[in-house]
Amino acid sequence: MEEIERARALARLLLAESIPRRWSHSQGVGRKAETVAHLVGEEAPALVSAAWLHDVGYAPDLVVTGMHQLDGARYLRDVAAADDLVCRLVAHHSCAFIEARNRNLADQLAEEFPPVEGLVSDALTYADMTTNPVGEQTDVKLRLAEILARYGDGDLVAESIREASPLIIESVRMITAALNEG
């Protein structure tokens with residue numbers, strides 16, 4: 001619990017004043033992760049912590065590469081001394097490897113933060129992609145459409161999300177199925 005409280009407080013510090021809408025989204029993602037954490041066993045604290053912290057790379061003082069997943073993970077590793085699994089989850093959340101490839105950062109991402117496979121990664125994607133920008137629950141397809149509309153055709157983030165959409169939808173399907181089994 002201490003790890004999660006620390007993550008929540010750090011996310012609040014980095015996002016609440018500088019980008020309040022992103023803070024609202026992060027609060028919703030954190031709460032959503034708490035509802036699915038039981039699915040990932042001992043990785044639950046890392047999942048919930050990563051959910052609270054997943055978008056800290058948008059904080060104006062942390063932007064280096066312009067890829068929020070990588071910038072956030074580097075800050076968490078180098079400054080906040082966060083848990084390795086939390087850093088890796090933040091670095092790779094919601095199919096970040098596609099955006100990294102499109103920004104020519106794929107080697108840096110993979111070398112610095114080995115990908116996280118399995119249900120814990122799917123659970124973070126589920127929490128992120130079923131939470132809208134103001135922190136409310138939404139359908140994954142509506143969330144993807146909102147991201148595409150916000151960034152616009154031709155934008156690197158929009159094109160990366162468009163390419164990642166089938167993988168994101170599959171992650172949401174996997175967690176939804178696991179929830180329905182339990």
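Student: Let's start with a polar contact: which side chain does the side chain of Ser 171 pair with?
Tutor: Keep in mind that this is a predicted model. Ser 171 lies in helix H10 (residues 156-181), and leaving aside neighbours within four places in sequence, Ser 171 is in contact with Asp 122 and Thr 125. The side chain that makes the polar contact, at 2.7 Å, belongs to Asp 122.

Student: Is Ser 171 buried or exposed?
Tutor: Buried means under 20% relative accessible area. Ser 171 has 7% relative accessibility, so Ser 171 counts as buried.

Student: How far apart in space are Ser 171 and Ala 7, C-alpha to C-alpha?
Tutor: In sequence, these two residues are 164 residues apart. In space, the C-alpha to C-alpha distance between Ser 171 and Ala 7 is 24 Å.

Student: On to helix packing. How are H2 and H3 oriented to each other?
Tutor: Two packed helices are described by the angle between their axes and the distance between the axes. For helix H2 (residues 20-36) and helix H3 (residues 44-53), the axes come within 7 Å and cross at roughly 165°. Angles over 145 degrees count as roughly antiparallel, so H2 and H3 are roughly antiparallel.

Student: Which residues of H3 make the contact with H2?
Tutor: The crossing of the two helices is right-handed. H2 brings Trp 23, Ser 26, Gln 27, Val 29, Gly 30, Arg 31, Ala 33, Glu 34 and Val 36 to the contact. On the H3 side, the contact is made by Leu 47, Val 48, Ala 51 and Trp 52.

Student: By class, how many nonpolar residues does the contact of H2 with H3 have?
Tutor: The contact also includes three polar and two charged residues. The number of nonpolar residues is eight.

Student: How many residues of H4 are buried?
Tutor: The buried residues of H4 are His 68, Gln 69, Leu 70, Asp 71, Gly 72, Ala 73, Arg 74, Tyr 75 and Leu 76. They pack against H1, H3, H5, H6 and H7. H4 is largely enclosed by the rest of the structure because the buried count, out of 11 residues, is nine.

Student: And H5: how many of its residues are buried?
Tutor: The buried residues of H5 are Leu 85, Val 86, Cys 87, Arg 88, Leu 89, Val 90, Ala 91 and His 92. The cover over them includes helix H1 (2-15), H3, H4, H6, helix H7 (106-112) and helix H8 (119-129). H5 is largely enclosed by the rest of the structure, because of its nine residues the number buried is eight.

Student: Which residue caps the N-terminal end of H5?
Tutor: Look for a side-chain oxygen 3.0 Å from the backbone nitrogen of Leu 85. The capping residue is Asp 83.

Student: What is the phi of Ser 94, which follows H5?
Tutor: Most residues other than glycine have a negative phi. Ser 94 comes after H5. Its phi is positive, near 55°.

Student: Where is Cys 95, which also has a positive phi?
Tutor: Cys 95 is not a glycine, yet its phi is about 65°. Cys 95 is also buried, with a relative accessible area of 13%. Its place is the loop between H5 and helix H6 (96-102).

Student: Is Ala 81 buried or exposed?
Tutor: Ala 81 is in the loop between helix H4 (68-78) and helix H5 (84-92), and its phi is positive, near 50°. Exposed means over 50% relative accessible area. Ala 81 is at 61%, so Ala 81 counts as exposed.

Student: Which residues does Leu 105 touch, not counting those up to four places away in sequence?
Tutor: Leu 105 lies in the loop between H6 and H7 and counts as buried at 10% relative accessibility. Leu 105 and Leu 70 are 35 residues apart in sequence, but their C-alpha atoms are 8.9 Å apart in space. The residues touched are Thr 65, Met 67, Leu 70 and Ala 100.

Student: One more loop: which residue's backbone nitrogen lies 3.0 Å from a polar atom of the side chain of Asn 132?
Tutor: Asn 132 is placed in the loop between H8 and helix H9 (140-151) and is buried, with a relative accessible area of 16%. Not counting residues up to four places away in sequence, Asn 132 touches His 25, Thr 138 and Arg 143. The backbone nitrogen in question is that of Val 134.

Technical notes
Residues are numbered from 1 along each chain as its sequence is written. This is a predicted model: local features need pLDDT of at least 70, side-chain atom pairs count only at pLDDT 80 or more; totals for chains, interfaces and linings use all residues. Side-chain values use heavy atoms; hydrogens and water are left out. Helices (H or I, at least four residues) and strands (E, at least two) are DSSP runs, numbered from the N terminus. Buried means under 20% relative accessible area, exposed over 50%, partly exposed in between (1.4 Å probe, protein chains only). Axes are lines fitted to C-alpha atoms, for helices over the stretch in contact, and angles run from 0 to 180 degrees between N-to-C directions. Angles under 35 degrees count as roughly parallel, over 145 as roughly antiparallel, 65 to 115 as roughly perpendicular and the rest as oblique. A crossing is left-handed if the near helix is turned anticlockwise from the far one by less than a right angle, and right-handed if clockwise. Contact means heavy atoms within 4.5 Å. Ala, Val, Leu, Ile, Met, Phe, Trp, Tyr, Cys and Pro count as nonpolar, Asp, Glu, Lys and Arg as charged, and the others, Gly among them, as polar. A polar contact is a pair of N or O atoms within 3.5 Å; within protein, one must be able to donate a hydrogen and the other to accept it, and residues adjacent in sequence count only if both atoms are side-chain atoms.
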